[in-house]
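Biologist: I would like a close look at a single part of this model, followed by whatever else you can say about its surroundings. Please keep it plain.

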Amino acid sequence: MNINATLLAQAVVMIVFVAICWKYIYPPILSVMKEREKRISDGLEAAKKADDSLEEAKLAFDKELDQAKAEAAEILEKANARASQIVSDASSKAEAEAEKILTSASTTIENEKNKAKEELREQMSEIIIDTTQKILGDEISKEKHEEILKKAAEEL
Amino acid sequence: MASELTTESYISHHLTNLTCGKTPDGWTCDPYKVDQMGFWAFHVDSLFWSIALGALFIFVFRKAISKNSDSNSAPSGMQNFVEMAIEFVEDNVQSLFGSVKNTLIAPLALTVFVWILLMNLMDLVPVDFLPVLAGHIAYAVAGDGVEWIKSPESFYFKVVPTTDPNITLGMAFGIFILTIYYSITVKGLKAFIAELTLHPFGKYLIPVNFVLEMVNFIAKPISLGLRLFGNLYAGEMIFILIALMLFFSSIPIGVLGFGLHLVWALFHILIVALQAFIFMALTIAYLAMAHETEEH
């Protein structure tokens, strides 16, 4: 074991290497590592945030969907009610119309009937009077004639 | 070659550094003139691997930066490894250093950890591979011109820098200087001196306190360096001894040696990583102590 100037040379060499490492090796690597670490933790945080907001959006979406469904159901119900209303309205209106038509028709028929009866009676009276005149001759006066005619008409 | 190769020469070959230094005749790397070099000699092989592996560390980590210059893309391949290493060091610094803000500690710990890990890993390269290769290359390149390279075997080349006490103590020395620097700048010179002189016996026994605290203070870097050196030196030694089993030229012992090699290499992976970690953890701990202004 012989100690010589190698010791001093090695000490100098060590100082040089340590200085190089201190100035040019360690800080850049460390800074890159720190930066990456920060980037990764930022990324994880952002991912977590995105996850949260996705969850939130999902909840909002579900809520909106439920609301829309309820609204749709309501609208449908209203429409149904309205439709049945329209149908019942229409049917009652039609019924009324039919009634009216029926009434007016029967009135008309009645009128026609009466009119026809009247006519028929008149004609019949005339025929009867004529016939009677012919049978009786001119025995019956005009006034008498009128009176008989009226009576007959009333009777008929 | 086989005739001159003895057990002792094999072991000593593996434990001798390629040493270059100044002799009265001028600069040389002749292994027979190491005694004349004195203190001003350099273990060229240790320093070569130390610098090469340190440069590898810088290169790999630098490349990871140029790749991950934007933090958008997912990290991949080497970058993952680099970031794992940095995270590991950050965790250790956090737990040992607490809230004290000092931007040097983490890079220092990272450098020390990765660098020592790489140097220790050289221990797992088969013991003879690189020295023999280096010997042959040196002999082929400079065998004619340089008189001390007489054969590939006369070229010493030790590949594990952390089995050289100069390397481990050199690093511990660097950390020692840093602890002194931070002790003085953070606590102030007065508090630092007080810490060394006023404990544990109060102000009336300052010389005794100083001697005791000084031993404590000096022991830290020395133990730091020697612990790493001792562990790796012992590991290397066991690899060499297992490799020696092949000298018996008997097949059963050779097979046993192969098996032992495998077992020891697997176990040594643990030591390699553990010692690098311990050196790093103690580096952080010593520097943390330098920042603390606690009372004993």
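How close do the axes of helix H7 (residues 165-187) of chain B and helix H8 (residues 189-197) of chain B come, and at what angle do they cross?

Modeller: This is a predicted model. In it, the axes of helix H7 (residues 165-187) and helix H8 (residues 189-197) of chain B come within 6 Å and cross at roughly 120 degrees. Angles of 65 to 115 degrees count as roughly perpendicular and those over 145 as roughly antiparallel; H7(B) and H8(B) are therefore oblique to each other. On the H7(B) side, the contact is made by B:Ser183, B:Ile184 and B:Lys187. H8(B) contributes B:Leu189, B:Ala191 and B:Phe192. By type, the residues of this contact divide into four nonpolar, one polar and one charged.

Another helix of chain B can be viewed through one of its residues. B:Ile116 has its place in helix H5, which covers residues 105-121 of chain B. There are 28 other C-beta atoms within 10 Å of B:Ile116, and a residue counts as buried at 20 or more, so B:Ile116 is buried. Leaving aside neighbours within four places in sequence, B:Ile116 is in contact with B:Thr162, B:Leu228, B:Ala276 and B:Phe279. Of these, B:Phe279 lies 163 residues from B:Ile116 along the chain, yet their C-alpha atoms are separated by 8.2 Å.

Chain B also has strands. Three of them form an open sheet in the order S2-S1-S3, with antiparallel pairing. Strand S2 (26-28) and strand S3 (41-43) stand at the edges, each with a single partner strand, so one side of each is left without a neighbour in the sheet. From one strand to the next, the twist averages 10 degrees. Strand S1 (residues 19-23) is joined to S2(B) by three bridges, and the two run antiparallel. B:Thr23 stands opposite B:Gly26 in S2(B).

Chain B also meets chain A. The contact between them takes 28 residues from chain A and 36 residues from chain B. On the side of chain A that touches chain B, the residues divide into 22 nonpolar, three polar and three charged. For chain A itself, an unreviewed UniProt entry carries the annotation "transmembrane region" over residues 6-26.

Notes:
Residues numbered from 1 in each chain as written. Chains lettered and ligands numbered in written order. Predicted model: local features only at pLDDT ≥ 70, side-chain atom pairs only at ≥ 80, totals over all residues. Contact = placed C-beta atoms within 7 Å. Nonpolar A, V, L, I, M, F, W, Y, C, P; charged D, E, K, R; others polar. UniProt positions renumbered as here; feature names shortened; annotations may be inferred. Helix = DSSP H or I, 4+ residues; strand = E, 2+ residues; numbered from the N terminus. Buried ≥ 20, exposed ≤ 12 C-beta atoms within 10 Å, placed from the backbone. Pairing = 2+ DSSP bridges. Axes fitted to C-alpha atoms, helices over the stretch in contact; angles between N-to-C directions. Parallel < 35°, antiparallel > 145°, perpendicular 65-115°, else oblique.
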